Amino acid sequence: MSPPGPLPSADELGRALSMLGWTVVAFQPPARGDALLAGAEESDSQRLERRFEEGRGLGQVAIGVDPRELRRRQRGRGEIPVLADPVAPLVELADQTGGELLVDPLRLADLSDRLRRRHLLRLELDAPAVEPVPVRVVANGEEIRARRWIGSRLPRPVSAARARQLLRDELDEGDFWVEAVLEPGTDGEPRLTLQLEPEASAGELRLTLAALGGADDVRVSHQPLDVRSAVDGMIRMALPLALAAVEHEPLAVLVEETTGSRRGATFASLRASSAPGVAALPVLEAAPDRLLRLLPPDSAMVMGPTVFRTLVDQKTVTRVDFYLDGEMAIARATAPFSAQLDLGPLPRTRRVLAVAFDAGGGEVARDSVLVNGGSGLLEVHIVEPQATEAGSADSPLVGPVEVGAEVTVPDGARLDRVEFFWRDRLVATRYAPPFRERVEIDPSSPRGFVRVLARLADGTSGEDVVFLNSPGPSERLDIDLVELYVVVSDRGGQPVTDLSRDRFRLLEEGRPMEIATFGDAGDLPLTVGLAIDSSASMFVKLPDVQDAAASFVQSLRTRRDRAFVVGFGSEPRLARDTTTDMTGVVDGLYRLKPDGQTAIWKAVVYSLVQLQGAGGKKALI
């Protein structure tokens with residue numbers, strides 16, 4: 001998702017602050033020099049670029065910052081506009097909120113005394129003010145400063161700012177849950193369906209929708225929300241015209257009390273057109289309360305006998321079954337519902353699943369954790385329906401089928417979207433948890449597969465598949481696609497890049513293997529692990545190693561390249577997890593402190609664990 005565009009104007013901000021009861025006192029320091037010449041001064045990026053090109057001042061340039069690149073980006077997004085009167089927005093804010101603008105520093109000394117001499121004026125209003133409220137005094141020569149806007153309802157600019165914040169991927173679900181689905185109507189126009197938690201209907205509600213209409217264009221729409229218009233607990237409406245043309249972009253949905261503080265937020269799930277003759281499906285109900293939580297191990301690298309603990313609602317849960325990589329391992333019928341599982345002699349990627357049951361033997365909750373997955377693994381796992389619930393030819397699973405998936409996003413990465421497919425047809429797209437949708441299975445053609453595909457902002461993807469209604473016993477197959485990177489050179493040592501698939505043969509223990517995919521790896525992203533010796537013996541050398549590593553990180557120019565830092569003394573530790581933020585990687589490098597002995601082999605294994613699951617090219621240094 002792209003960041004939202006322009007901020008609210010000074011007028012919008014002033015009105016919102018005024019209605020929320022704020023008083024703005026702004027201080028404008030005296031201008032230095034001739035204000036007419038202010039625009040001719042060099043910007044920070046111009047000064048940085050000049051020093052760089054002149055070959056001096058390199059010590060003043062932060063590692064990981066290329067001033068030429070900074071300048072190119074600034075040119076790409078256009079120059080920041082210069083205000084004709086920079087003081088005007090401050091005057092506007094002070095005027096609308098009953099504050100003042102201070103230009104003389106001496107006025108700061110008696111500011112608190114002037115604020116204490118203010119009077120309190122109360123007004124009883126049947127509705128919020130829609131125009132400025134005039135306040136006058138009879139006595140001549142008196143200066144009046146009062147808020148121009150008053151009211152008890154939430155200002156729209158505040159709702160717009162919160163909706164913009166949602167588009168920054170900072171989803172805060174708020175105080176009550178909201179489900180939203182966007183799908184084509186019978187006339188082809190997109191329609192929005194909302195379902196709210198019953199407790200959300202206590203007060204007057206406002207619906208705010210926001211979506212990106214372009215690189216710097218955020219389209220926002222507000223409207224009252226009347227829960228009395230709900231049918232079967234759902235509110236259906238046409239998408240506002242301002243947002244109807246926005247396609248394939250996240251739609252932020254914000255529902256707020258206009259006379260209170262409670263709110264709920266989500267991203268609308270995109271649903272494709274329903275199959276012919278199939279009625280539109282209702283919005284999913286909210287996920288039930290968490291009755292079971294499986295705790296991950298304390299260490300990032302585990303092997304051999306390992307204890308897994310749970311947190312459960314002991315009033316409901318009477319038994320917990322533990323599975324290792326889909327195979328039943330052990331059942332516990334007494335608290336504290338923990339199990340020791342043998343993960344093997346090597347730190348392989350393993351999945352542990354816990355399933356909770358009530359006194360009647362019915363399943364009430366399940367939770368899973370991935371161990372030794374590393375910090376660069378994007379993992380998708382369909383948890384519903386299970387292979388044992390996937391139907392058969394004699395007893396097919398048809399009609400609305402709930403599909404739920406768990407998505408593990410690498411640390412430092414950003415999830416773009418999660419797509420649900422029936423066979424090869426896109427059914428729905430979600431932009432935030434919970435990753436649950438209903439898929440309609442046609443009774444006349446029930447055999448097929450459901451697929452869940454997750455995409456990251458850098459282009460990385462991961463998926464999982466479950467087959468439904470197979471003619472024989474249903475099984476779940478976990479298949480690892482092994483990537484091999486090959487460099488072919490001619491007799492002069494130069495790389496040869498124009499070879500086709502049929503020029504290669506792949507053998508495993510002498511047996512021919514099928515090549516599933518073939519392509520040029522030159523454009524694939526690079527994931528680099530830096531394992532740095534930070535033991536006590538590096539006390540003198542460590543600063544030079546950090547400088548050299550930082551210079552290398554600075555050379556990773558591609559936005560899709562990622563890196564992580566492992567420091568090792570007596571034990572390896574992850575100083576910075578896998579990320580595209582090279583500034584954060586450099587920061588992790590310089591946080592290493594020399595201490596302990598040199599556990600180099602353990603550090604190598606630990607670093608390789610972090611590389612597991614990372615797509616594209618990988619290197620450990």
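Residues are numbered from 1 along each chain as its sequence is written, and side-chain values use heavy atoms, with hydrogens and water left out. Because the model is predicted, local features need pLDDT of at least 70 and side-chain atom pairs count only at pLDDT 80 or more, whereas totals for chains, interfaces and linings use all residues.

Helices (H or I, at least four residues) and strands (E, at least two) are DSSP runs, numbered from the N terminus. Helix 1 (residues 10-19) packs with helix 4 (residues 88-97) at an angle of about 25°, and their axes are 8 Å apart; such axes are lines fitted to C-alpha atoms, for helices over the stretch in contact, and angles run from 0 to 180 degrees between N-to-C directions. Helix 1 and helix 4 are therefore roughly parallel to each other, a term that applies to angles under 35 degrees. In terms of contact (heavy atoms within 4.5 Å), Ala10, Asp11, Leu13, Gly14, Arg15, Leu17 and Ser18 of helix 1 meet Pro89, Glu92, Leu93, Gln96 and Thr97 of helix 4. The residues of this contact divide into five nonpolar, four polar and three charged, where Ala, Val, Leu, Ile, Met, Phe, Trp, Tyr, Cys and Pro count as nonpolar, Asp, Glu, Lys and Arg as charged, and the others, Gly among them, as polar.

Helix 1 is also among the elements against which the buried residues of helix 6 pack, together with strand 5 (205-212), strand 6 (218-225), strand 8 (252-257) and strand 9 (263-267). Buried means under 20% relative accessible area, exposed over 50%, and partly exposed in between (1.4 Å probe, protein chains only). In helix 6 (residues 156-166), the buried residues include Pro157, Val158, Ala163 and Leu166.

In helix 9 (residues 582-590), which contains Asp587, Met582, Gly584, Val585, Val586, Gly588 and Leu589 are buried, and their cover includes strand 28 (526-533), helix 8 (542-554), strand 29 (562-568) and strand 30 (572-579). Asp587 is partly exposed, with a relative accessible area of 43%, and its side chain makes a polar contact with the side chain of Arg591 (2.5 Å); a polar contact is a pair of N or O atoms within 3.5 Å, of which, within protein, one must be able to donate a hydrogen and the other to accept it, while residues adjacent in sequence count only if both atoms are side-chain atoms.

Val496 lies in the loop between strand 25 (461-468) and strand 26 (506-508) and is partly exposed, with a relative accessible area of 30%.

Conventions
Parallel < 35°, antiparallel > 145°, perpendicular 65-115°, else oblique.
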